[in-house]
Amino acid sequence: TPSAPRRALVPDVVNARRHPPPQPRGADESALLDQEPVGTLASQPARAMEPRELAGHVASGIVAGTAVEAALYPIDTIKTRLQAARGGAAVSWRHLYKGLGGNLVGVVPACALFFAVYEPAKRALLPTPGAFGEGTAAHHRRTAAAHLAAAASAGLASSLVRVPTEVVKTRMQTGQFSSARAALRHIVAKEGRLAAGLFAGFGSFLLRDLPFDAIEFASYEQLKLAWCALAPAAPKPSSTAPQTMAPGGTNPDGEVETRRRPLRRHESAVLGAVAGAVTGAVTTPLDVVKTRLMTQGAEGRGGGSDGRRYRGVVDCLARMVREEGASSLLKGIQPRVTFIGIGGGVFFFVLEAAKGVFVAES
């Protein structure tokens with residue numbers, strides 16, 4: 001009948017009203033959607049660090065810091081004795097491990113504090129993976145600034161433990177005390193717990209270590225990013241052999257881009273050694289001043305060649321240049337660059353290996 005076709009069309013008309021066909025988008029709207037698809041990592045906030053992950057980073061830092069101190073302590077002792085020597089005084093090459101035990105007691109909490117601050121700060125300050133503009137100069141500057149700020153903040157926090165540890169260690173290395181316990185008791189009883197005692201040279205320590213930590217860690221992170229971006233792409237590592245994945249971009253599906261490949265263990269050692277050696281050379285004058293201020297003590301011989309105590313960083317710098325020449329500010333640079341270069345390689349090698357054990361893959 002004539003009415004049959006009309007009844008058959010009624011459901012189609014109703015469905016068309018309920019579900020209208022998609023309208024074509026304009027060129028501007030399409031381009032905008034193509035730039036940042038809804039629901040990708042670019043539109044999501046940075047993932048907060050869980051306590052278990054943070055504990056893994058802290059454990060990795062402790063293992064790496066302890067390994068470096070134990071392995072390279074003799075070189076650090078030679079460096080300290082060279083810096084503390086006045087004029088052409090002879091330097092003893094005996095008992096190069098003196099003070100190691102007491103130093104390790106301080107290294108553990110210092111490393112724990114450092115990484116407890118560094119990793120969450122880095123996570124919070126770094127641009128979100130896959131964010132719009134990744135790969136641009138502005139993005140690289142922001143990444144470098146995030147690494148600098150995170151490392152400096154971590155260095156400031158850990159200095160509360162590192163400075164007293166460094167004071168006791170340098171006194172032991174220069175032969176002023178026979179044990180860390182004796183050094184600690186004497187310093188607290190005779191020199192005080194603050195500026196003149198356990199925190200002697202605190203200003204010079206911060207002046208040296210805050211730039212050192214910031215430059216070394218930022219250099220390593222930036223070298224790692226650059227190396228992984230330039231190196232040939234590699235297949236994804238298997239789950240049975242976890243490797244360190246350098247921070248990089250993600251595609252709209254949330255997968256790591258193929259241009260970012262995993263950083264191999266030996267590569268992390270080489271990059272860490274380069275970052276450490278360069279940073280160690282640049283900060284040597286500040287390290288010399290720190291050693292002089294920490295080893296002069298509140299009693300006995302003064303810091304300068306005339307027996308007078310140094311009154312601070314500026315006074316120490318001026319008198320060293322006037323009395324011993326500008327070259328005195330570079331005392332111990334060879335063992336320092338050797339120690340920190342090798343130490344940087346060992347530290348970051350062990351750190352990345354320890355992360356593979358203690359930090360769960362995300």
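Student: By class, how many nonpolar, polar and charged residues does the lining of the second largest cavity have?
Tutor: The lining of the second largest cavity has six nonpolar, no polar and five charged residues, where Ala, Val, Leu, Ile, Met, Phe, Trp, Tyr, Cys and Pro count as nonpolar, Asp, Glu, Lys and Arg as charged, and the others, Gly among them, as polar. The model is predicted, so local features need pLDDT of at least 70 and side-chain atom pairs count only at pLDDT 80 or more, while totals for chains, interfaces and linings use all residues. Residues are numbered from 1 along each chain as its sequence is written, and side-chain values use heavy atoms, with hydrogens and water left out.

Student: Which residues line the second largest cavity, and which elements give two or more residues to its lining?
Tutor: The lining includes Phe115, Tyr118, Phe217, Tyr220, Phe348 and Leu351, and also Glu119, Glu221, Lys224, Glu352 and Lys355. Helices H4, H7 and H11 each give two or more residues to this lining, a helix being a DSSP run (H or I) of at least four residues, numbered from the N terminus.

Student: What makes a space in this structure a cavity, and what volume has the largest cavity?
Tutor: On a 1 Å grid over the protein atoms alone, a cavity is a set of points where a 1.4 Å probe fits but cannot get out, and lining residues have an atom within 4 Å of a point. Grid points are joined across faces, edges and corners, and a volume is the space filled by probe spheres set on the points. The structure holds two cavities of 30 Å³ or more, and the largest has a volume of about 740 Å³. Of the 31 residues that line the largest cavity, Glu69, Arg162, Asp209, Phe212 and Asp213 are the closest to its centre. The second largest cavity has a volume of about 40 Å³.

Student: Which residues is Phe177 in contact with, leaving aside its neighbours within four places in sequence?
Tutor: With contact taken as heavy atoms within 4.5 Å, and leaving aside neighbours within four places in sequence, Phe177 touches Lys98, Arg171, Met172, Ala182, Ala183 and His186. Phe177 and Gly99 are 78 residues apart in sequence and 9.2 Å apart in space, C-alpha to C-alpha.

How values were computed: 1 Å grid on protein atoms, 1.4 Å probe; cavity = no way out; pocket = protein on both sides within 12 Å on 5 of 7 lines; lining within 4 Å.
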